[in-house]
Amino acid sequence: MLAIAIRNAVVRTPEITVGAAGVVVAAAFTWVPSVWYDEAATVTSAQRSWPALWAELQNVDAVHGLYYALMHVWFWLVGYTPFTLRLPSALAIGVAAGLVVALGRRLGGLRLGVVSGIVFLLLPRVTWAGTEGRPYATVTTLAVLLTLVGLTAVRRTRARRHATRWWVVYGVLAALSVLFNVYLALAVVSHGVVLAWTLAGDRAAQRRASVTERSGALPAPLVDRRVLVRWAAAAVAAAVVVLPFIVLAAGQAKQVDWITGVGWATLRQVFSTAWFGAVYPYAALGWALMAVGVVLAVRAVRRGDPGTRDVLRMQAVRVAVPLTLVPTVLLVAATAAGEHLYSPKYASLSLPFVALLIGLAITAIRPRRWLAAAVVGMLLVSVPTGTTVRLPHAKQDSHWANAARIVESQRNWATDADEGVVYGSVWEHPTTTAQVIADTYPDAFSGMRDLAVTETGAERGQLWDVNGDIASTVPSRLSDIQTVWFVGGKSRNIRPQVTETLVAQGFHVVRYWHTGTVIIWKYSR
């Protein structure tokens, strides 16, 4: 009975069914992994006042400004915890999955839509995005939504029904998408490639039909000059609107100095990391299925008498291939030219279209029981990754949650206790203080006085706080402090200076802990 109910739900409301399943799957156990460095940027920025956030975005992270603003409102509504930090990403993955179903259904029928939506949820990089308190899950949602709106505008232009309003919607959505994440401009560029390829395909089909004297049997071209002109007008209008934002973001390019140039590592990232989470067997299977899906669609449409299904599946290829490859090709090319822009996470906008290409291959399988077996196989292959990203230290081996628990369990919670803390640097981020651990796990550090900070990130218009000279800053703040904590990374830390300064002020070491890359020392007067 349960199987019948699920089948009926999928047939009647496939977008809602797959999308709801996506939210549940993406949100499951997202409270378990420790928060890490990138997510700390979200927490820190989104909890600042509006003026402080605006000042920050003038100097750093403008590319994430709209995301931070939305998260600011979200935290105001529901409060901050690691789970609420990641829940919007899980919701975005569910919406994206439903939209992938809608896209596949429009391009190739119900089966293609449902299978592509399920494949999307099983991609390792989608699993990662749905458990990350960063904007990449929403980027996938906007990429597929913008594509659906573009397809609607094309079809309305062809039917001469309310086309202008749909192109206006497309332009507005394109501008909002780029404001949310500047890399979504690559989706708009990819749409231009889709239209050009479709136009070329329509003309080739017309030529073949004229040779075989079957021109009357062909439908009207999907793309013509009117479509290209209206797409170009919408794209240019959106570009004009977002140009000041792009100039601002380009001026902050030093933020991505950590991205290396093109090399063998780049090839590995493109092959396995960007969409398949560095799981090489999954990557090999995914690329093979994408190639099979394309080849089968091309062969079918080039037969002597292709059916409607074949024509639709070929159009799915023309949509999915550019949106899969063009963003990565352009980013890698820019990186090779000296503008270091390619990182696997920036290819997240292509994930829905990777799923669509894999869905094309799987839905070509006959009989249906083998199709079901293929989907189950994809599910089994995805289980290890789906489990790994939900482990306590899944995110860059972060042990921040452990460190917070140690402090919370070992500190003196008496109301008259006077405790201070000195934050050292963060592992692999020497210019950032471990204040970020207190930002992401505030309950453990509530009431403690920061003894070393001289200027907060909010005051500086930057992300992170800055410490002063330990020997001159800390002693002046110790008057009523009886216990001092040191929290920092296990290397490049200022712990020896802290110990020397505190000992000179009459403190001694009580105990120290080491959890992952975080060290904690406790001193008493």
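What percentage of the 525 residues in the protein is buried? Buried residues make up 53%, where buried means under 20% relative accessible area, exposed over 50% and partly exposed in between, with a 1.4 Å probe and protein chains only.

This is a predicted model, in which local features need pLDDT of at least 70, side-chain atom pairs count only at pLDDT 80 or more, and totals for chains, interfaces and linings use all residues. Residues are numbered from 1 along each chain as its sequence is written, and side-chain values use heavy atoms, with hydrogens and water left out.

**Whole chain**

Start with everything in cartoon. The protein has 23 helices and nine strands. Both kinds of element are DSSP runs, numbered from the N terminus: helices are H or I over at least four residues, strands are E over at least two. The C-alpha trace spans about 100 × 55 × 45 Å along its principal axes. Now consider contacts, meaning heavy atoms within 4.5 Å. Of those between residues at least 6 apart in sequence, 76% join residues at least 24 apart.

**The five-stranded sheet**

Select β4, β1, β7, β9 and β8. In that order they form an open sheet with mixed pairing; two strands pair if DSSP finds at least two bridges between them. The edges are β4 (449-450) and β8 (508-515), each pairing on one side only.

Strand β1 (residues 419-423) pairs with β4 in the parallel sense over two bridges. Show Gly 420: its bridge partner in β4 is Arg 449.

Then colour β7 by accessibility. Seven of its seven residues are buried. Five bridges join β7 to β1, and the two run parallel. Glu 419 stands opposite Thr 483 in β7. With β9, β7 pairs in the antiparallel sense over seven bridges. Val 484 stands opposite Tyr 523 in β9.

**Aromatic pairs**

Rings (for Trp, the six-membered one) pair if their centres lie within 6.5 Å; planes under 30 degrees apart count as stacked, over 60 as edge-to-face and the rest as tilted. The count comes to 18 aromatic pairs.

Select Tyr 136 and Tyr 346. Their pair is tilted, at 6.5 Å centre to centre and 50° between the planes. Tyr 136 is in helix α9 (residues 136-159), while Tyr 346 is in the loop between α15 (308-336) and α16 (351-362), 210 residues apart. Tyr 136 is buried at a relative accessible area of 3%. Tyr 346 is buried too, at 11%.

Go back to the sheet for Tyr 423 and Phe 445. Their ring centres are 6.0 Å apart and the planes stand at 55°, so the pair is tilted. Tyr 423 lies in β1 and Phe 445 in helix α20 (residues 442-445), so the pair ties together parts 22 residues apart in sequence. Tyr 423 counts as buried at 3% relative accessibility, and Phe 445 is buried at 6%.

Then take a cluster: ring pairs link Phe 271, Trp 275, Phe 276, Tyr 282 and Trp 287.

**Charges over rings**

Which arginine lies over the face of Trp 128? Arg 125 does, at 4.0 Å from the ring centre. Select Arg 411 next: its charged end sits over the ring of Trp 413, 4.1 Å from the centre. The criterion is NZ of Lys or CZ of Arg within 6 Å of the ring centre and within 35 degrees of the ring normal.

**Two last stops**

Select His 72, in helix α5 (residues 65-78). His 72 is buried, with a relative accessible area of 15%. Apart from neighbours within four places in sequence, His 72 is in contact with Ala 46, Arg 48, Ser 49 and Trp 50.

Finish at Ala 401, in helix α18 (residues 400-410). Ala 401 is buried at 9% relative accessible area. Beyond neighbours within four places in sequence, Ala 401 is in contact with Ser 34 and Tyr 441.
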